[in-house]
Amino acid sequence: MNTDYFTGMKLASEVSNMINDEITSEVTVILAPPFTHLYSIGQLIKDAPKVHLSAQNCGAELSGAFTGEVSAEMLKSIGARYVIIGHSERRHLFGEDNAIIEKKVKNALALSLHPIFCCGETPTERNSGRHFQIINSQLEEALFELTEDEIKNVVIAYEPVWAIGTGVNATPHQAQEMHQIIRNSIKDRFNSTTSESISILYGGSCNSKNAKDLFANPDVDGGLIGGASLKSREFVDIVKILVA
């Protein structure tokens, strides 16, 4: 919940122009602005082939008397291609459980949107040694009823909640360990071809200083960037590290 409409448009324009001017490698850059900015930013980036539009959330229902909610169908109608689902803040601040998140994922897929499914453990869960169990439960309860064709359209983002805004960053080893756990879980439920085809992003205070070491891991396919995305130069520098 950052930037007013005009600041958000300026930021998106800067990022889109930098990506077009400075990056020649194949890369998928996804912008996930607030709902109020979505349509206008979608129009702004429509001629930027590397830059795509995502919402930060969607409702669990497709329509109806749910005042204040925004449905997957609404997002599809304004040109969104992706939607973030199950972000740690939605889980912990708004009480979204795996059942609600599963419903959102299925609704998004039904509208041909790509869910960016977030999973991760809190400090208490990691310190108790339950982090592997927590991640596997989140995957099993929200994604494992999908078909093989459906899961291939999902992007997964690992968020170590204990490393977000705490000053304690996950090490590259810790990031790789959890990404490997996620990929192996997908492999066990589906198959190795499917698990290798899915992008798994790291979303724990990634910035231009630590991105190189994080992205060097074999199972880290990119980043879910938070605060660092509010500065166009910083954000594009992270993209450059990914494709270097």
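Student: Is Thr 194 buried or exposed, and what is its relative accessible area?
Tutor: Thr 194 is buried, with a relative accessible area of 0%, where buried means under 20%, exposed over 50% and partly exposed in between (1.4 Å probe, protein chains only). This is a predicted model, in which local features need pLDDT of at least 70 and side-chain atom pairs count only at pLDDT 80 or more, while totals for chains, interfaces and linings use all residues. Residues are numbered from 1 along each chain as its sequence is written, and side-chain values use heavy atoms, with hydrogens and water left out.

Student: Where is Thr 194 found?
Tutor: Thr 194 belongs to helix H10 (residues 192–197); helices (H or I, at least four residues) and strands (E, at least two) are DSSP runs, numbered from the N terminus.

Student: And what is Thr 194 in contact with, leaving aside neighbours within four places in sequence?
Tutor: With those neighbours set aside, Thr 194 is in contact with Glu 148, Ile 151, Lys 152 and Ile 186, contact being heavy atoms within 4.5 Å.

Student: Switching to salt bridges: how many does the count come to?
Tutor: The count comes to twelve salt bridges, each being a side-chain nitrogen of Lys or Arg within 4 Å of a carboxyl oxygen of Asp or Glu.

Student: Which residue does Asp 219 meet in a salt bridge?
Tutor: The side chain of Asp 219 meets that of Arg 183, at 2.6 Å from N to O. Asp 219 lies in the loop between helix H11 (211–215) and strand E7 (222–223) and Arg 183 in helix H9, so the pair ties together parts that are 36 residues apart in sequence. Both Asp 219 and Arg 183 are buried.

Student: What about Glu 14, which residue does it form a salt bridge with?
Tutor: Glu 14 pairs with Lys 10, and the closest N and O atoms are 2.6 Å apart. Both residues sit in helix H1 (residues 5–22), four residues apart, which is about one turn of the helix. Glu 14 is partly exposed at 27% relative accessibility, whereas Lys 10 is exposed, with a relative accessible area of 53%.

Student: Which residues are linked with Glu 22 in a network of salt bridges?
Tutor: The network links Glu 22 with Arg 233, Asp 237 and Lys 240.

Student: At what angle do H1 and H12 pack?
Tutor: H1 and H12 pack at about 35°, with their axes 9 Å apart; axes are lines fitted to C-alpha atoms, for helices over the stretch in contact, and angles run from 0 to 180 degrees between N-to-C directions.

Student: Now H7 and H9: how far apart are their axes?
Tutor: The axes of H7 (residues 131–143) and H9 (residues 172–189) are 10 Å apart, and the helices pack at an angle of about 40°. That makes H7 oblique to H9, given that angles under 35 degrees count as roughly parallel, over 145 as roughly antiparallel, 65 to 115 as roughly perpendicular and the rest as oblique. The contact is made by His 131, Phe 132, Ile 135, Asn 136 and Leu 139 of H7 and by Glu 177, Met 178, Ile 181, Ile 182 and Ser 185 of H9.

Student: And how do the axes of H5 and H7 cross, at roughly what angle?
Tutor: The axes of H5 (residues 98–110) and H7 cross at roughly 50° and come within 8 Å, in a right-handed crossing.

Key
A crossing is left-handed if the near helix is turned anticlockwise from the far one by less than a right angle, and right-handed if clockwise.
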